[in-house]
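Hi,

Here is the structure I promised to pass on. Have a look at it first, and my notes on the helix packing and the salt bridges follow below.

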Amino acid sequence: MRSYDEPGWRADLRRARQALLAGELATHPADRFWSAYLAALRVAAVVLGVAARPTPVRGRPCDVWQVLARVAPEYAEWAAFFAAGRGAWHAVAAGARAVVSERQADDLLRDATRFCDEVTARLDAAWRRRGPRAGHG
């Protein structure tokens, strides 16, 4: 349960951290990789929820990483990094267990944690600058 002054994105980041923890506890590399990528997606969704302005989508659909790079260019490198792992994540989600190595899973878990930490630090700093009563979203 969040306090009145706590922004909603903090609860969403806690869910991302739960996925990171699940990744840390997973014994199989595919499970670690899947959980780490899920955490990164959840963090990206937080950024988009805070930064995005609703605009009509025209043309073909974009994935979260394309939207993240466009809406929050400060995370463009992260978006490119995680977009590069999209195929492996889809393969793991479809049941492929041997598609990622122990090292790939550990690296992704480490990097997803760094991404989450960076977003958390930036959002917390922005929240402190605005003050808790300036907005509750």
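Let me start with a contact between two helices: from α2, the residues Pro29, Arg32, Phe33, Ala36, Tyr37, Ala40, Val43, Ala44, Val46, Val47 and Val50 touch Glu102, Gln104, Ala105, Asp106, Leu108, Leu109, Ala112, Phe115, Cys116, Val119 and Leu123 of α6. By class, that contact of α2 with α6 has 18 nonpolar residues, one polar and three charged. Keep in mind that this is a predicted model.

As for the geometry, α2 and α6 (residues 102-130) pack at an angle of about 20°, with their axes 8 Å apart. An angle under 35 degrees counts as roughly parallel, so that is what α2 is to α6. The crossing of this pair is left-handed.

α2 (residues 29-51) also packs against α3 (residues 64-71), here at about 40° and with 10 Å between the axes. These two helices are therefore oblique to each other, and their crossing is left-handed. On the α2 side the contact involves Tyr37, Ala40, Leu41, Ala44, Val47, Leu48 and Ala51, while α3 brings in Val64, Trp65, Val67, Leu68 and Val71. Sorted by class, the contact of α2 with α3 has twelve nonpolar residues, and no polar or charged ones.

Now the salt bridges, which come to twelve. One of them pairs Asp63 with Arg86, with the closest N and O atoms 2.3 Å apart. It links distant parts of the chain, 23 residues apart: Asp63 sits in the loop between α2 and α3, and Arg86 is in helix α5 (residues 86-93). Both ends are partly exposed, Asp63 at 21% relative accessibility and Arg86 at 29%.

Arg122 is partly exposed at 36%, and so is Glu118 at 24%. Salt bridges with shared partners also join Arg103, Asp107, Arg110, Asp111 and Arg114 into one network.

Which residue of that network would I look at? Asp111, which belongs to the network and lies in α6. Its relative accessibility is 6%, so Asp111 counts as buried. Beyond its neighbours within four places in sequence, Asp111 is in contact with Trp78, Phe81 and Phe82. Its salt bridge with Arg110 has the closest N and O atoms 3.3 Å apart, and Arg110 is partly exposed at 44%.

Cheers

Terms used:
Residues are numbered from 1 along each chain as its sequence is written. This is a predicted model: local features need pLDDT of at least 70, side-chain atom pairs count only at pLDDT 80 or more; totals for chains, interfaces and linings use all residues. Side-chain values use heavy atoms; hydrogens and water are left out. Axes are lines fitted to C-alpha atoms, for helices over the stretch in contact, and angles run from 0 to 180 degrees between N-to-C directions. Helices (H or I, at least four residues) and strands (E, at least two) are DSSP runs, numbered from the N terminus. Angles under 35 degrees count as roughly parallel, over 145 as roughly antiparallel, 65 to 115 as roughly perpendicular and the rest as oblique. A crossing is left-handed if the near helix is turned anticlockwise from the far one by less than a right angle, and right-handed if clockwise. Contact means heavy atoms within 4.5 Å. Ala, Val, Leu, Ile, Met, Phe, Trp, Tyr, Cys and Pro count as nonpolar, Asp, Glu, Lys and Arg as charged, and the others, Gly among them, as polar. Buried means under 20% relative accessible area, exposed over 50%, partly exposed in between (1.4 Å probe, protein chains only). A salt bridge is a side-chain nitrogen of Lys or Arg within 4 Å of a carboxyl oxygen of Asp or Glu.
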